[in-house]
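Hi,

Here is the structure for you to look over. My notes on its helix packing follow below.

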Amino acid sequence: MRGDLLTKMRKLVKGLAKPTPAWLKAMEEAPPVKFPCTDGKVKQIVMPEDVYVKKFFKKHPDSLYHDAVKISSFDPPPARVFAWRVLELREHGVSEEEAMALADMEYQAEKKAKKKAYTELKQISRLQGKRPPPNPHPKVPSKRSKPRRKICSVDRFLQPEDT
């Protein structure tokens, strides 16, 4: 049988397969809410800043590794900060090109300040004789794959030649 609980129970009672339950009359008077059926397609969630995030990654492909979802982190990724800043400047009447240039300049300055702070921290830790902290700005892994190493030699499977 197809349908919801109310329809199924009506058919069972009408066909004398089950006795009429006490809740059927109350449910017929106030039937449950029917939700519209979906077509099975999931709509993509689009945020207003997504356009600027894509432009940021085109301009700065080396910062793609920052955009990983970090559940324990409270800091948003740099691409989102850039996009939010562009949207904020656009609300104040700045043109899109100028807003992107200004947000990019702020991003570059912040990145440079973080690198400078890290180099100073490394120098201080070396002077104190301690190990330097891990690099917060690691190099981006290259897209080239490493050459694969042979697991086993093919030579040992060949038959020895008769001499």
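Helix α3 spans residues 50-59, and its axis packs 8 Å from that of α4 at an angle of about 125°. Axes are lines fitted to C-alpha atoms, for helices over the stretch in contact, with angles from 0 to 180 degrees between N-to-C directions. Helices are DSSP runs (H or I, at least four residues), numbered from the N terminus.

The model is predicted: local features need pLDDT of at least 70, side-chain atom pairs count only at pLDDT 80 or more, and totals for chains, interfaces and linings use all residues. Numbering runs from 1 along each chain as its sequence is written, and side-chain values use heavy atoms, without hydrogens and water.

On the α3 side, D50, Y52, V53, F56 and F57 make the contact; α4 brings P78, A79, R80, F82, A83, V86, L87 and R90. Contact means heavy atoms within 4.5 Å. These residues split into 10 nonpolar, no polar and 3 charged. Nonpolar means Ala, Val, Leu, Ile, Met, Phe, Trp, Tyr, Cys and Pro; charged means Asp, Glu, Lys and Arg; the others, Gly among them, are polar.

Next, α4 (residues 78-91) and α5 (residues 96-127): their axes come within 9 Å and cross at roughly 140°. This pair is therefore oblique. From α4, P78, F82, R85, V86, L89 and R90 meet E96, A99, M100, L102, A103, D104, E106 and Y107 of α5. That contact counts 9 nonpolar, no polar and 5 charged residues.

Best wishes

How values were computed: Helices (H or I, at least four residues) and strands (E, at least two) are DSSP runs, numbered from the N terminus. Angles under 35 degrees count as roughly parallel, over 145 as roughly antiparallel, 65 to 115 as roughly perpendicular and the rest as oblique.
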